[in-house]
Amino acid sequence: MGITDSCNWRVGLTVLAGVLLCLPAAVLADSGGRSISPTNIFAPVSTPAHSIFGLSVFVLAVTAAIFAIVFSLLVYCVVKFGKPADDDGREPPQIYGSNQVEVAWTVIPILIVVVLFLATARVIASIQKAAQPRNAIQVVAIGHQFWWEYRYPGLKVVTANELHIPVSDPAHPTPTFITLLSADTDHSFWVPRLDGKTDLIPNHPNAMWMDPQLTGLYLGQCAQYCGTQHAKMLLRVYVQSRQEFDHWVAQQSQPAQTSTTVSEGQRIFETTACINCHAVNGTVADGRFGPDLTHLMSRETIASGAALNTPENLRLWIQNPDSIKPGSKMPAMGLSDQQLDAVTAFLATLH
């Protein structure tokens with residue numbers, strides 16, 4: 001069984017976290033036009049998320065019933081056996097022993113635990129043992145401090161921070177199976193509306209899958225504390241129609257589109273330490289420590305969702321990464337204003 005938090009004994013905590021995670025102002029519109037938070041676990045759009053949601057509702061129903069029964073009995077006892085007016089303050093007679101009561105409050109909790117265990121095991125097994133159809137999309141997700149790397153082995157695409165997958169028609173399912181790896185410390189991949197939490201552990205490959213049935217942007221978060229900027233290790237999953245996804249793959253498969261008008265910025269980029277960490281197809285840059293920048297400007301955000309991908313933010317990110325993401329692993333390159341403008345102009349052409 002893989003190491004996963006998708007369906008474990010902390011389902012109640014997951015539900016509570018989901019309630020808190022629903023609070024961001026960013027919303028999506030569902031097929032009925034209603035506004036739904038892109039992190040709302042109560043609006044699942046993928047088979048694993050539906051299974052976890054159903055388990056969560058079942059657990060909540062069981063625990064709510066227990067609470068209602070215990071609270072009702074407590075109120076009944078307080079009302080019926082409260083201190084009478086003629087109480088003389090002496091201790092009442094103590095009655096010990098009732099085999100029926102002892103058996104009841106031993107057997108009933110055991111039965112409840114067994115039922116919850118079997119329900120949880122069933123959901124875990126159904127998710128982890130799902131068969132992979134031939135048309136499944138294969139993705140390798142690598143967690144870094146503090147960003148996400150995505151590799152599509154069969155499509156020869158490498159990108160960062162923004163995962164693109166096709167929508168899955170229930171009549172013709174196209175699930176996405178994700179292999180989870182870690183480049184440094186423990187991380188946890190969690191997109192509430194698509195799947196449960198699944199850990200990324202160094203030297204221990206893990207896996208998850210999702211088959212979203214509704215297009216849109218779904219937000220998530222690294223759910224395992226992994227260092228200074230854990231809170232800004234955000235997840236963005238774009239679920240697209242098959243046509244849009246194929247177009248995105250074709251665009252990402254192209255080499256970098258450079259221009260002679262930004263040759264000075266490209267020269268500076270290729271002669272500094274930038275190329276030790278970053279790769280740009282079609283240039284000498286072939287680093288693997290940082291995100292692949294070949295199609296940087298096709299992404300809506302930078303710094304793993306910490307800032308919008310605008311020329312102004314990009315320039316600030318190059319000049320002083322800590323101003324956007326304190327504690328990030330990217331060093332300030334110490335470039336002059338003229339060099340910053342030139343490098344920014346070069347990177348802004350990488351669509």
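1. Helices (H or I, at least four residues) and strands (E, at least two) are DSSP runs, numbered from the N terminus. The model is a predicted one: local features need pLDDT of at least 70, side-chain atom pairs count only at pLDDT 80 or more, and totals for chains, interfaces and linings use all residues. Residues are numbered from 1 along each chain as its sequence is written, and side-chain values use heavy atoms, with hydrogens and water left out. The protein has 8 helices and 14 strands.

2. Rings of Phe, Tyr and Trp (its six-membered ring) pair if their centres lie within 6.5 Å; planes under 30 degrees apart count as stacked, over 60 as edge-to-face and the rest as tilted. The count by this rule is 8 aromatic pairs. One of them is stacked: phenylalanine 67 with phenylalanine 71, at 5.7 Å centre to centre and 15 degrees between the planes. Both residues lie in helix H2 (residues 47-80), 4 residues apart, about one turn of the helix. An α-helix has 3.6 residues a turn, so residues three or four places apart point the same way.

3. Phenylalanine 67 is exposed, at 57% relative accessibility, and phenylalanine 71 is partly exposed, at 44%. Tyrosine 76 and phenylalanine 81 make an edge-to-face pair, 6.2 Å centre to centre with 85 degrees between the planes. Here tyrosine 76 is partly exposed at 46%, while phenylalanine 81 has 57% and counts as exposed.

4. Elsewhere, ring pairs join Tyr152, Phe245 and Trp248 into a cluster. The charged end of lysine 197 sits over the ring of tryptophan 190, 4.7 Å from its centre; the criterion is NZ of Lys or CZ of Arg within 6 Å of the ring centre and within 35 degrees of the ring normal.

5. Of the 351 residues of the protein, 43% count as buried. A nonpolar core is a set of buried Ala, Val, Leu, Ile, Met, Phe, Trp, Tyr and Cys residues joined through side-chain atoms within 4.5 Å. The largest such core has 29 residues, and those with the most contacts inside it are Trp148, Tyr150, Tyr152, Leu163, Ile178, Phe189 and Val237. Elements giving two or more residues to this core include strand S4 (147-152), strand S7 (176-182), strand S12 (234-240) and helix H4 (242-252). Another core, of 24 residues, lies apart from it, with Ala256, Leu314, Ile324 and Ala342 among them.

6. In helix H5 (residues 263-270), the residues Gly265, Gln266, Ile268 and Phe269 are buried. Seen down the axis of H5, these buried residues fall within an arc of 160 degrees, so they line one face of the helix; the arc is that of the directions from the helix axis to the C-beta atoms. Their cover includes helix H6 (274-277) and helix H8 (337-347).

7. Cysteine 277 is found in helix H6 and is partly exposed, at 24% relative accessibility. Contact means heavy atoms within 4.5 Å. Leaving aside neighbours within four places in sequence, cysteine 277 is in contact with Gly287, Arg288, Phe289 and Gly290. The C-alpha atoms of cysteine 277 and arginine 288 are separated by 5.5 Å, the two residues being 11 apart along the chain.

Note on methods: Buried means under 20% relative accessible area, exposed over 50%, partly exposed in between (1.4 Å probe, protein chains only).
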